[in-house]
Amino acid sequence: MHRRRLLSGAAALTASASLLPALTGTARAAPRAASPGLPSRDAITAVLRRVADQWIGAHTDPGDNGWANATFFSGLLALQRLTGSPRYLAYARGWAEKHAYGLNGGVTTRHADNHCAGQAYLDLYEREPEERKLTAIETSLHRMVYEDQPDKNDDWWWDDALHMAMPPFARIGALRGDPRYWEKLYALYDHTKRVEGGPGLYDAATGLWYRDKRFLPGGITSPAGRPVVWSRGNGWVAGGHTKTLKALPPGEPHTAEYRATLTRLVTAVADVQRDDGFWNVNLADAGHLPGPETSGTSFFLYGTSYAIGAGLVDRSRYLPVAARAWNGLVTAAVHPDGFLGYVQNVGDRPESSQPVTYDSTANFGVGAFLLAGTELARLSWP
């Protein structure tokens, strides 16, 4: 999807002034009923294979190397790591070869969406190291770090960018032993979090993120006048933090902040989870286009599962959140043949690509589901 740079919008007000009361209004007064237990690792993996196999079978052409399809391949390669499947590796390799391990916009691109493909190229490099697989993504990031306006840090003006581009900076820095990539990563991240639009897109009072500056207090609201805190936008943030933390060493100067921010996000969304395990498209208004939605739910499951495994949150408190999300997805969204439904397609807010139905799907939603399930499987028994 092509995103245009936005003109300045809402006044720089404190996000907590309007967002916190809205979230308090969506919190539940009574505890939910206990969710069914977590299935075995084998049972989780069987569902993941069914979903991946259905997508591959329906897409003999592996598609473009844009952000949406790259997210699918990130999930597929996570599943390949879990299962060792040569079929998944061959399908991903064929996709990357089709695009010569290149980037949309070429190596001069600064756009985070265009860097998302680099995550899958790095995954393929880890399995079968060949330097040509990293030439485009490394050259592009190197330009931003060292050559092309290295002091320009306002490229990530929407929260999705954190998923698309944080992980490649973290991983190239680790691979090359060059902390300058981590410094640039943090400079870009800090602008998104604390500067973009005036106050930044992060609401410290709640731990949630606005999609972009149009949704800051004084800007776009729901029909009921509540804030718009887009589920998948926050899901992208959870995914970006999770992947980045997987790549960074514990002693990297900003790792502690990334860990704390992911922890706060995971705990915040747990409080507004639906009874059926899903999250609504607007986290701040349960009445705004309510219903199950798979992509945001999958990314929250991914971040929550990682946070449990990494010891960022209490297992006994948050494993039921993860189990409820997984069981809800499998019961409501996974068709008998593995087709994955209830995915809100491309957009930037709750109203985008509506209605979301049992038959709504998208490549990035499948990728998010595969990421979530593979992370959850690590918490389960065989």
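Is the crossing of α10 and α11 left-handed or right-handed? The crossing is left-handed, a term used when the near helix is turned anticlockwise from the far one by less than a right angle (clockwise would be right-handed). All the views below come from a predicted model, in which local features need pLDDT of at least 70, side-chain atom pairs count only at pLDDT 80 or more, and totals for chains, interfaces and linings use all residues. Residues are numbered from 1 along each chain as its sequence is written, and side-chain values use heavy atoms, with hydrogens and water left out.

**View 1. Helices α10 and α11 cross.** Here you can follow α10 (residues 231–247) and α11 (residues 255–270), whose axes come within 10 Å and cross at roughly 145°. Axes are lines fitted to C-alpha atoms over the stretch in contact, with angles running from 0 to 180 degrees between N-to-C directions. Helices are DSSP runs (H or I, at least four residues), numbered from the N terminus.

**View 2. Side by side, residue by residue.** On the α10 side, look for Asn234, Val237, Ala238, His241, Thr242, Thr244 and Leu245; they meet Thr255, Tyr258, Arg259, Thr261, Leu262 and Leu265 of α11. Contact here means heavy atoms within 4.5 Å. The residues of this contact divide into six nonpolar, six polar and one charged. Ala, Val, Leu, Ile, Met, Phe, Trp, Tyr, Cys and Pro count as nonpolar, Asp, Glu, Lys and Arg as charged, and the others, Gly among them, as polar.

**View 3. Helix α12 is mostly covered.** In α12 (residues 294–309), 16 residues reach 22 Å from first C-alpha to last, close to the expected 22 Å, which is 1.5 Å times one less than the number of residues. Of these 16 residues, 15 are buried (under 20% relative accessible area with a 1.4 Å probe, protein chains only; over 50% is exposed, in between partly exposed). Just after α12, Gly311 takes a positive phi of about 75°.

**View 4. Two tilted aromatic pairs.** A search of the whole structure finds 21 aromatic pairs, meaning rings of Phe, Tyr and Trp (its six-membered ring) with centres within 6.5 Å; planes under 30 degrees apart are stacked, over 60 edge-to-face and the rest tilted. Tyr202 and Trp209 form a tilted pair, 5.1 Å centre to centre with 50° between the planes. Trp236 and Phe299 are also tilted, at 4.9 Å and 50°. This second pair links distant parts of the chain, joining α10 to α12 across 63 residues.

Definitions and conventions:
Helices (H or I, at least four residues) and strands (E, at least two) are DSSP runs, numbered from the N terminus.
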